[in-house]
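User: Could you walk me through this model, one piece at a time?
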Amino acid sequence: MSPTQWDFPVELCCRPMAFVTLTGLDVVYNAVHRAVWDAFCANRRADRVPISFKVLPGDHEYPKCRPKRTSYEWYIPKGILKTGWMNKHLNLVPALVVVFYELDWDEPQWKEKQSECATRVEIVRQSLQGRNTKVAVVLIQKKTPLPPGEDVTASERAAALCNACELSGKSLFVLPHTDHLVGYIIRLENAFYEHAQTYYYTEIRRVKSHKEFLNKTTHQLLFVRHQFKIAFFSELKQDTQNALKNYRTAYNLVHELRAHETNILEIKTMAGFINYKASVTYPNPDPLETQTGVLDFYGQRSWRQGILSFDLSDPEKEKVGILAVQLKERSVVHSEIIITLLSNAVAQFKKYKCPRMKSHLMVQMGEEYYYAKDYTKALKLLDYVMCDYRSEGWWTLLTSILTTALKCSYLMAQLKDYITYSLELLGRASTLKDDQKSRIEKNLINVLMNESPDPEPDCDVLAVKTAQKLWSDRISLAGSNVFTIGMQDFVPFVQCKAKFHAPSFHVDVPVRFDIYLRADCPHPIRFSKLCVSFNNQEYNQFCVIEEATKASEVLENLTQGKMCLVPGKTRKFLFKFVAKTEDVGKKVEITSVDLVLGHETGRCVVLNWQGGGGDAASSQEALQASRSFKRRPKLPDNELHWDSIVIQASTMIISRVPNISVHLRHDPPALTNEMYCLVVTVESHEKTQIRDVKLTAGLKPGQDANLTQKTHVSLHGTELCDESYPALLTDISVGDLHPGEQLEKMLYVRCGTVGSRMFLVYVSYLINTTIEDKEIVCKCHKDETVTIETVFPFDVAVKFVSTKFEHLERVYADIPFLLMTDLLSASPWALTVVSSELQLAPSMTPVDQLESQVDKVVLQTGESASECFCLRCPSVGSVEGGVATGHYIISWKRTSAMGNVPVISTVITLPHVIVENIPLHVNADLPSFGRVRESLPVKYHLQNKTNLVQDVEISVEPSDAFMFSGLKQIRLRILPGTEQEMLYNFYPLMAGYQQLPSLNVTLLRFPHFTNQLLRRFIPTSIFVKPQGRLVDDTSIAAA
């Protein structure tokens, strides 16, 4: 026989539910029907009625019903229960068949639809011939029906449809396909459940009616069969109390059967089936059930509701009730409920930002997982909250959590976790007693010696046995025996600090640093190896201390070993190494410190500190120590206070101290655009030859970008620097230098703008030196900086004046005017003006030859030199902003400069001038002076500057100092572009500067032409000498 035949059948073990078939639904091609079917079968919650649904076609063939017996007199049963009977009533014979049909109350073809619906119902009835199965009709409608009584048409047609289908009004339902489909489906389910209840009640009465035809002589098997069927139908009816009662009766009837070797297997099988059915239901009467199914008062026991007396009226009933409650409670997994509630509480406190309450509840969740023997989840939660308690210094709470975590890791035989928690429970943060720490320390050493640790106290006995087997498997399995544990996130029993002796070391001096270790465990402990790692891994090989010991000597009280740590004592280890020359200018950092506990023959754990040491509590302890005013006790000279040691995990490698001198010689300030000379003198004071001497000089980097663009450096002073020259000359090779030898190098700097500049002179060289019996090549350097101020060599002032030397804000077309330039020396040194040049714009023309008037002029500080040029501007029309004049170019150099130094040309852009046109220009020809009572001829020239004929009125106003002859008043006409001359003889009457008779001109076409404008062009006074002086003084000119 196959083993499956000894198992309970599926139909016996499943929960019996009412079987209802649905017909008329096309769930494949009709979306509405599919939605109805999904609402029936999808996401069925526990609060919905227990019904098993199945979709079948309307003409489905159901199992045929056997003809009913009228007498059992000659009937001999062949067995107790057929194998297919339970499955037939669970999955084949329905309690209710529901016919779905799409029909609205306002259907135009109502008669035809009604006839078709009745036909479908009749087909179902024919297939159920002889069965008591109920039939119902559900009309799928598109519209939501009106409340009962309001739709007269619906009421009439519903009654007509019930008559046609031979149904009662309780068997006709309407299902609107709306947004509330699930709600209508649930209401339909409840109605279907009532019909199914009626069907199973009818089946129970039908089976009971057969009993009166049976006798116990020949029908013993039928008594058991019928009693089992009644009980099974009661389960389908969800009547648990009657089902249990009938199962027990059937079990008693089985005991009354006559047993023989031919039927003993059948009897035992049925007894097992019935006993199983009876055991999965509550006892009868169930003290936890009430007649109404609910409690009358909250908080009262179901077997003594409404009894307020303190005396128990029925102690036996009380005992049974408590036993029933305890029995029910045994099936409840309390840990799951507690964990769920705690999880909800954690989410609540997390939402409202209460981190400490959240951590507290997570600890409780971890402990609950520990009690539920889910050690993996327990460790995950406890690990998460440990960080918070470490950072805040809750050492008592942390110790409690670590103790639970250690138990979890032991029961799971997790090697790394067990070692990690043991290291921390032995440390200074642990509040365990010394005997507890000693036990943990012993277990830790056992694990490192590849032995099983002793069980942790208060662990479950069965869990300990399982754990011991796991530890045995760990010992036998071959694998990695080295465990590296980072100390920065824990508080281990060993503290570590690294400290360099200085923040920087010269490359020709050994780098020295100390590693300080301190143990907090109960007993001295011996480590096997200490190694330090750097950012440059080439130094790692020089910083290793290793001591060969046996595995059994780890806990031996040998305090003389160089790797043995005594609790409470600080141990210092000195390291030194020679830095690489390529690390000059770089930072050497300690990246990690590794302390090895154990041996490779067993297991070893590597305690790894990142950087220069420190763990999760170090920063907090250092802060407390800095704020503490408590006086530290005095220690012996060879010991240190741990709190006084400050971690210094990095140092700089700097170049060897240079033994040369660098001097700079120059004459400040520098002048704009000149080739400024800077003399660099380098002298060697080394004891041996220095080689590969290189010079870097120029503008110091990091200054304003504009300065960089306007500063140029060259080694050649005979030619001017242009934009292609750099601001900094790098790596200029100057050869080798012997001891005491010196060299000079001349640099030329051209600064295009004024202001302060910082210049750098950097000298580097190579020299051989010996350190720690090792010869190395050191690169030394020395730099000097100097700030040089750049100033303008001179200030240039330009002005426009008339021929009378009067200031002009504007000039007049084709009328001569004077351009005057003044050069004021702003240099503290003497300047030589080599030459000057006036480059006129195309709009300007010179009146006479343009020649330099300041050639070879030497200007001292504060001295000035002037030039005057007579110019004329032709008529150019109206120009916005004025007319360009041109450029004034001054060629100069320092007077003290050598002859090969190039001449500097400074270009001054001359200002623009406003040019105006005048209709009439008047100028006068007269001697430079006159004499009393001697004739003074004066000729006035009137020139028409327009294209029009000018009508001019001329008058002369007399003066007290002169008599004159000529036309006193005249009106004349001057053609375009022509000139008219007016001749007068003035007769001076008084000596000295005298005012000439005033010439007044009026232009009829240009009334704005005034005499005030006229007087800019002609003299208004003249110097008159006394009568009788014969010496000619040509130095007095007309003004």
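User: Why does the distance between the end C-alpha atoms of helix H8 agree with its 16 residues?
Analyst: At 1.5 Å a residue, counted for one less than the number of residues, helix H8 (residues 240-255) should span 22 Å, and its end C-alpha atoms lie 23 Å apart, so the two agree. Helices (H or I, at least four residues) and strands (E, at least two) are DSSP runs numbered from the N terminus. This is a predicted model, in which local features need pLDDT of at least 70, side-chain atom pairs count only at pLDDT 80 or more, and totals for chains, interfaces and linings use all residues. Residues are numbered from 1 along each chain as its sequence is written, and side-chain values use heavy atoms, without hydrogens and water.
User: Which residues of H8 are buried?
Analyst: Ala243, Leu244, Asn246, Tyr247, Ala250, Leu253 and Val254 are buried in H8, meaning under 20% relative accessible area with a 1.4 Å probe and protein chains only.
User: And what do they pack against?
Analyst: Those buried residues pack against helix H7 (220-236) and helix H9 (264-279), where contact means heavy atoms within 4.5 Å.
User: Switching topic, which strands supply at least two residues each to the lining of the largest cavity?
Analyst: They are E20 (676-684), E21 (690-699) and E24 (742-751), with E21 giving the largest share, three residues. Val680, Leu695 and Lys745 are among the lining residues. A cavity is a set of points on a 1 Å grid over the protein atoms alone where a 1.4 Å probe fits but cannot get out, and lining residues have an atom within 4 Å of a point.
User: How much helix and strand is there over residues 943-1001?
Analyst: That stretch is 0% helix and 64% strand, and its end C-alpha atoms are 12 Å apart.

How values were computed:
On a 1 Å grid over the protein atoms alone, a cavity is a set of points where a 1.4 Å probe fits but cannot get out, and a pocket is an open set with protein on both sides within 12 Å along at least five of seven lines; lining residues have an atom within 4 Å of a point. Buried means under 20% relative accessible area, exposed over 50%, partly exposed in between (1.4 Å probe, protein chains only).
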